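Student: I'm new to this one. Could you take me through a single part of it up close, the packing on the inside and whatever sits around it?

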Amino acid sequence: MVDVLEVIWHGLRDSLLMAWEVWWALVLGFAISGIVQAWVPRARIERAMSGSGPKPVALATGLGAASSSCSYAAIAIAKSLFQKGASAASALAFQFASTNLVWELGLVLWLLIGWQFTLAEYVGGIVMVILMAVLLRAFVSPRLEAKARDHAKQAATGHQHYPAGEELGWRERLSSVSAWSDVAHNFRGDWQMLYKEVTVGFVLAGFIAQLGNGFFESLFVRSAPAPLPTIENVILGPIIAVLSFVCSVGNVPLAAVLWSGGISFAGVLAFLFADLVVLPIVAIYRKYYGTRFALRIVALMFVTMVLAALIVDGLFSVAGLIPTGPRPSRDDIFGTIAANYKLALNLLGVLIFTALFWLTARRGSTDPVCGMKVDRAKAVRLDSAGESFYFCSKHCLHAFELERAGAEAGGAPGPRPPVHIQAH
């Protein structure tokens, strides 16, 4: 019992220490993401993404990089774009970009295991988009893509994270409380969607670290002739990602532990790339597009991730950018809490986090359907019986009205109060 309690204590302690190492970077990354989502015009880009070819794929990549890093939000938005006419290549490019080319992911990678991994993640994201566009027709025929689009039009996407934003000039935005409220609400929305993933990622990394390097040495081939270790690692990396059920930024802490434990540079990249093929997300693909299309795009993504990891590993090897020498120890990864520059940065992170959440509390209201915080001045509003309700979208408003109608139908009959709806 004492040994079990000691393992639990050390696992939780290491999880908290790793979170302490990257807290300020997470806050800064989500803040930058909130600014980009609020202040970069998106409607025109979304309209230009319909059809196929290099230009829509490039636009989808740019839009993905300017979006939230939440994997679940990425596939919901990609499905919506696919419904509106975007090609399968554009929809998948959006997913790859929004989970590999975003600010917060790069910042946390840099802090935990080095700038080389950040650069490799961004280069790899672009390589995956190119490979996917080239290989798509080997996996998905135009006929199957058309069937998947018909299926997607019938499937319910459910709640999506709609970014808050309004058309203003850059100088107006910098001095506008309303514009900063858009940033704050996007910031809070990203945290609401991702806090579970991030928390599970840190806790999982903290406890897996207790297994020791001996455990990892038994998993990863290291002494076989080249290139067998690299090939084994890039296949094993995505499998570990699938089994861990963790995606998005939550993958990074576990990637750091795997790197410390002996997995190759290419293996770490393949693990990071694989957040779009974890089992819960595969189930969503099946719901959106049908079983056959879902299996084809999962196979395509797996092949793309493995090839991209090998290509980036080869390029970085030629350029001498792969980290050499001793791997970071557990102490290096998890760090310590001390009175140093990290303390100052983390306190600054707390101030930014508190200020943005305070702004949403001052100007916002909670959507009674999805729980998102929305700006009262810009939300979809429903006034009924002297009470006001605020929603992030008409989708949530409609769900609220259906629920209320059902409750009224089951209760005492009577006239419904007058309702006034405003959409800001």
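Tutor: Leaving aside residues up to four places away in sequence, L26 touches V108, W191, V198, F202 and V249, where contact means heavy atoms within 4.5 Å. Keep in mind that this is a predicted model, where local features need pLDDT of at least 70, side-chain atom pairs count only at pLDDT 80 or more, and totals for chains, interfaces and linings use all residues. Numbering runs from 1 along each chain as its sequence is written, and side-chain values use heavy atoms, with hydrogens and water left out.

L26 belongs to the largest nonpolar core, which has 106 residues; L26, Y285, Y289, M301 and M305 touch the most other members. A nonpolar core here is a set of buried Ala, Val, Leu, Ile, Met, Phe, Trp, Tyr and Cys residues joined through side-chain atoms within 4.5 Å. Helix 16 (residues 291–319) gives this core its largest share, 12 residues; helices are DSSP runs (H or I, at least four residues; strands are E, at least two), numbered from the N terminus. There's also a second, separate core of 12 residues, with V380, L382, C392 and C396 among them.

Now for E197, which lies in helix 10 (residues 177–208). E197 counts as buried because its relative accessibility is 14%, and buried means under 20% relative accessible area, exposed over 50%, partly exposed in between (1.4 Å probe, protein chains only). E197 and C247 are 50 residues apart in sequence, yet 6.7 Å apart in space, C-alpha to C-alpha.
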